[in-house]
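Let's take a friendly walk through this model, from the layout of one chain to its contact with a partner. Please have the viewer open as you read.

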Amino acid sequence: MSATTYGWLVLAFPLAGSMITAFGWRALPGRSTGWIATGAIGLAFCASIGALVDLLDHPVEERQLTSSLYDYASASGLDIDLGILVDPLAVLMCLIVSGVSALIHLYSVAYMTSDQGFARFFSYLNFFVFSMLLLVLAGNYVLLIVGWAFVGFASYALISFWYRRTTATQAGMKAFVINVIGDIGLVLAAFLLFRELGTFDYLEVFDGASAAFSPDEGVVVAICLLLCLGAFAKSAQLPLHTWLPDAMEGPTPVSALIHAATMVTAGVYLIARSHPLFELAPTAADIAAFVGLATLLFAATVALAVVDLKRIIAYSTMSQIGYMIVGVSIGAYSAGLFHLMTHAFFKALLFMAAGSVIAAMANVQDTNRISGFRRAMPFTSALLIVGALALAAFPGTSGFFSKDEIIAYAVERGGIHIVLAVGMYVGAVLTAIYAFRIGFRVVAGPPCEEARELEWGRLPHAEPVNPATGESEDADVGFPGSEHHIAEREPVMRVPMALLGFGALFGGLIQIPGVTHVLDSFLEGSFEDSALYGIHPSTGDAWLGLAFGGLISIVGIAIAYYVWVARRGVGPRLAERFRHLHDFLFNKWYFDELFDALFYRPLIATGRFANSVVERVVVDGLVETAVGVVRGFGSIVRGAQTGFVRAYALLLVTGFAALGLYFLVVST
Amino acid sequence: MDVTWYLVLSALLFAIGAGGVLIRRSPLVILLCLELMLNAGNLALIAFARAHGNEEGQVFALVVMVVAACEVVVGLGLIVAMFRRRLPLNVDDMRELRG
């Protein structure tokens, strides 16, 4: 089979899985829907490997294969195929998306067992993966937008999965609305591209772009900025990031799926995919890079202050996506995508470990309550620490190689990019601190009540409450069940965590400077036309950067150890001392309040004004005046209608008499 | 032939009928007065037909008689219905169409 056939199969399996679980759930007992869904994604992963193997048979310059199922629209000058583009970038994304998603599906089979919406969950989950695969395999901007919008819908469905929970449905709406803002940018960018180049097809656009646009021409900068708007909304970059922390309202595997492999990486993919345009618009690329830098610093500071376990990891995702955006914007495509891959491993792992801890805490997510699980949950604790090490870029782990490759590239570009490199090093310190804020809080310290119970073999099964508001919930309708499942007792949860832990530890070995360059040489097929792809920091510089990065990581972990293990009172004392700073960070830099004041309140005030002035005074006034005029005239005329038959007769007689007299007078 | 006296009689009858319609309250009398007015009109028609030697006026008078007969049927039917419902036989009390 050719690579494109495998590409179609990659799309077919998750769609089929979604349909089977959606329509056949009545006939599928117990966990079988979960196994079917997991199998579908597993088959998609196998098909991705097939595409990879086939692609490697082609020479490097012939690794961009297209295939079209049918012409979706064909008119004068307009030609849209339902077509896919299978190239190294798409195949790499397929492998990451389907591989990590398959593990998350497997984990969910156990984690979601006692949930009432088990089959519904897996149907949504499969549809989400299908949408994401459609997004990365699309061969033109129209199909990309289709996949993009599907992902937006699927995220809405999954974030609001516990539909009776008000906070969850609101979070889903928030994610959907902000994603639609990004969709508008993407659609406008596609329109502009069509106006300038007359085609939506990737390869034709990229071939024609260098001839049609001069570097930094206004229109190409506009196109790139509009593409960025779409990318920022999906990837939760400033200022369109507020949906991501709220998306934690979904079940924990959904958080892992959205944050690790799918959805948030779509923006990174879009910029990497559209790299010929961004290289023609260095201004837009620099703006994107600095937005990425601002986001990574912002999110890292917030992650130091928030207390919700899942929200800390959510802010960490924003921060790491910021690194990727910086990477692909400055031209470090393979480094950015390398970080995307390693991040998928350790972030999925962190969420799975967090899910296990939250289950052991009976849905409590407050890190001030969680402590000392090292003896109660040795497996989860070990893998949580592995994930935190990779996130903190501890020397030798996967995050160590990928993050520092981006920074080394930024240093090599020089000029303004040095600022980016310095900012990313600052972010790296903060990353190490908050990564081990999670790690030490959960693992170290005196065991909390739940941890002690678990050491005695008793898993708390509390009545379900909303962790955000503390309201109690009815587990029979769209809420999580009262049963919880932890990795220590579920082999089905341990397998994906162990595999991801392996990836998080050793995934970096495919790209060691001067030793291996698997991704670099594989992705060359997609980026051979790029002028920036050939820039590589020298091996010595790269190792210098790695040494510095490793040092920074260890310093950060040491600070975290000092604050949260060695001197356990330091944290609250610092928060007390710098109360205003702490409040500022704890309230996420007041972004929600800012948007509230900038958009929500003015809109509501406009609505009130329209209701109280325009509607009540102007519109009602006009209507009532018209009614008054008619009524007044009527009351005058009404006087003639006495109801006396004889009066009518008199009127008739006098009228005719008058008429007769008139004619008499006129005729003589 | 001189039609003057015929017309005077016709006008007199019409005036009596109209006066009756205007001043009487009993629907039955009003109906009678209406007949009187119609027949005053008939008298004028026939007188003119005779004077001009043209029989079309007489035909027209016959048509008026048919109409008058129909009108009496409807009018009497209404009065009988009022009587059956024990409504007062007084047109001044029937004021439901007052504006």
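Domain bounds here come from an automatic or database domain assignment. Keep in mind, too, that this is a predicted model.

For chain A, the assignment gives domain 1 at residues 3–586 and domain 2 at residues 592–667. The C-alpha centres of these two domains of chain A lie 64 Å apart. The C-alpha trace of chain A spans about 130 × 65 × 60 Å along its principal axes.

In secondary structure, chain A has 26 helices and 2 strands. Of its 668 residues, 52% count as buried. Among the contacts in chain A with a separation of 6 or more, 80% join residues 24 or more positions apart.

Now to the partner chain. The contact takes 10 residues from chain A and 11 residues from chain B. On the side of chain A that touches chain B, helix H26 (residues 645–667) of chain A gives the most, with 5 residues. The table sorts that side of chain A by class.

| Class on the side of chain A that touches chain B | Count |
|---|---|
| Nonpolar | 5 residues |
| Polar | 3 residues |

Terms used. Residues numbered from 1 in each chain as written. Chains lettered and ligands numbered in written order. Predicted model: local features only at pLDDT ≥ 70, side-chain atom pairs only at ≥ 80, totals over all residues. Contact = placed C-beta atoms within 7 Å. Helix = DSSP H or I, 4+ residues; strand = E, 2+ residues; numbered from the N terminus. Nonpolar A, V, L, I, M, F, W, Y, C, P; charged D, E, K, R; others polar. Buried ≥ 20, exposed ≤ 12 C-beta atoms within 10 Å, placed from the backbone.
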